[in-house]
Amino acid sequence: MNVLTTFLEYATQGFNDIVDLTPDLNRVIQENAFTEGHMLVFVPGATAGITTIEYEPGLLKDIPEFFEKILPMNATYHHNETWHDGNGYAHVRAALLKPDLMIPFKAGKLILGTWQQVVLVDFDNRPRHRRIAVQLTGI
Amino acid sequence: MNVLTTFLEYATQGFNDIVDLTPDLNRVIQENAFTEGHMLVFVPGATAGITTIEYEPGLLKDIPEFFEKILPMNATYHHNETWHDGNGYAHVRAALLKPDLMIPFKAGKLILGTWQQVVLVDFDNRPRHRRIAVQLTGI
Amino acid sequence: MNVLTTFLEYATQGFNDIVDLTPDLNRVIQENAFTEGHMLVFVPGATAGITTIEYEPGLLKDIPEFFEKILPMNATYHHNETWHDGNGYAHVRAALLKPDLMIPFKAGKLILGTWQQVVLVDFDNRPRHRRIAVQLTGI
């Protein structure tokens with residue numbers, strides 16, 4: 001059993017930008033010659049989250065529209081009174097979606113559905129540079 | 001330390017069908033003689049999720065009613081314009097609930113509350129055959 | 001590779017009480033001389049969850065207000081017909097937020113954003129004694 005921690009970097013647009021991480025994640029497994037175990041994907045920061053979706057244009061609109069419905073950008077948030085940076089909505093959305101995802105892999109490949117991709121959702125209200133922690137544990 | 005990956009199969013009804021996985025999960029630990037570590041439960045596919053609930057008849061109604069309130073089946077979803085399969089609601093619900101859950105175990109048993117069960121929630125709009133990945137890491 | 005399971009205890013107030021676990025979690029890594037791996041934080045029980053937030057006074061109000069909006073305490077829940085303990089809202093909120101969080105660590109320290117803390121959210125409708133499972137896997 002081994003553990004390996006690495007980082008992947010992405011420039012995001014913010015405002016619910018959804019980035020497909022899957023090809024990069026499978027490459028990390030293969031480049032490091034792991035075969036079976038689990039991969040932790042974690043976004044350091046309190047205004048983004050990690051989940052899986054079918055990465056197709058319809059859902060890239062549906063998911064932002066859903067978050068806008070339950071946590072509108074322009075509603076009043078106490079967080080904005082603290083920092084005046086206007087991203088209170090992004091903090092609550094990120095607390096709900098959470099920053100971690102654990103995916104099993106076997107035979108050197110993530111165990112995912114055929115139409116299931118691992119995505120970073122960046123809720124912040126400005127472009128961000130995101131450094132995602134990717135950790136492999138296994139053989 | 002060892003890692004072991006296996007699969008459990010379930011026939012679900014879809015439409016927020018909630019299946020208690022707990023007895024099968026504890027059996028996997030015991031049959032493979034693990035004592036301490038963590039179990040990853042992961043549903044491949046983008047229209048189902050894994051969480052924990054008290055598995056009692058009231059909540060088996062409350063949870064579907066909650067998801068119907070925030071993400072109604074018959075609302076308009078862009079996803080449905082892509083595939084015309086009518087399960088856009090299921091994709092967004094699954095992205096929110098997420099496909100992974102990690103549970104610690106010790107002395108050969110999952111560390112759960114007395115009234116806490118691990119469940120698969122199948123949001124899809126038709127019966128499905130689900131193959132759940134279960135991975136043990138530990139000693 | 002090693003695995004270590006320990007418990008941290010907290011007295012909570014319930015009613016969406018949000019407790020910052022981060023200093024205790026970093027201390028567990030250092031006291032047990034782990035350097036690289038991942039930490040599983042898991043709350044046994046079906047009325048609380050674990051996530052990350054920027055732990056500042058504004059969000060400590062925003063997050064309870066958000067959950068009250070989507071799952072009001074005084075709405076009707078079938079769960080309350082089963083047990084008459086009035087915490088149906090807490091069960092559905094906890095099923096949504098989920099009881100687990102996995103955080104990577106390296107150089108003996110959790111990999112978190114500068115303004116990102118790991119929190120227990122206790123949704124129950126009374127003060128509780130919570131015993132949180134903390135499990136380290138790594139080197």
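Predicted model: local features only at pLDDT ≥ 70, side-chain atom pairs only at ≥ 80, totals over all residues.
**Figure 1**

**Figure 2. Chain C laid on chain B.**

**Figure 3. The side of chain C that touches chain B.** Here 26 residues of chain C are in contact with 30 residues of chain B. Six named elements of chain C each supply at least two residues of this side: strands β1 (2-12), β3 (37-42), β5 (100-106) and β8 (128-138), and helices α3 (78-83) and α4 (88-97). By type, the residues of this side are 14 nonpolar, nine polar and three charged. Only 15% of the interface residues of chain C are also interface residues in chain B, so the copies meet through different surfaces.

**Figure 4. The side of chain B that touches chain A.** In this view, 26 residues of chain B are in contact with 30 residues of chain A. Two or more residues come from each of β1 (2-12), β3 (37-42), α3 (78-83), α4 (88-97), β5 (100-106) and β8 (128-138) of chain B. This side of chain B holds 14 nonpolar, nine polar and three charged residues.

**Figure 5. The largest nonpolar core.** This core has 129 residues. Those with the most contacts inside it are A:Val41, B:Val41 and C:Val41, together with A:Ile103, B:Ile103 and C:Ile103. In soluble globular proteins, nonpolar side chains tend to be buried together.

**Figure 6. The surroundings of C:Ile103.** Neighbours within four places in sequence are left aside here. From chain A, A:Phe42 and A:Asp100 are in contact with C:Ile103.

**Figure 7. The fold of chain A.** Chain A has four helices and eight strands. Their order from the N terminus is β-β-α-β-β-α-α-α-β-β-β-β. The radius of gyration of chain A is 16 Å, close to the 14 Å that the globule rule gives for 139 residues, so chain A is as compact as a globular protein of that length. The C-alpha trace spans about 50 × 30 × 20 Å along its principal axes. Of the 139 residues in chain A, 54% are buried. Among contacts in chain A with a separation of 6 or more, 81% join residues 24 or more positions apart.

Conventions:
Residues numbered from 1 in each chain as written. Chains lettered and ligands numbered in written order. Contact = placed C-beta atoms within 7 Å. Nonpolar A, V, L, I, M, F, W, Y, C, P; charged D, E, K, R; others polar. Core = buried A, V, L, I, M, F, W, Y, C linked by C-beta atoms within 7 Å. Buried ≥ 20, exposed ≤ 12 C-beta atoms within 10 Å, placed from the backbone. Rg over C-alpha atoms; globule rule 2.2 N^0.38 Å.
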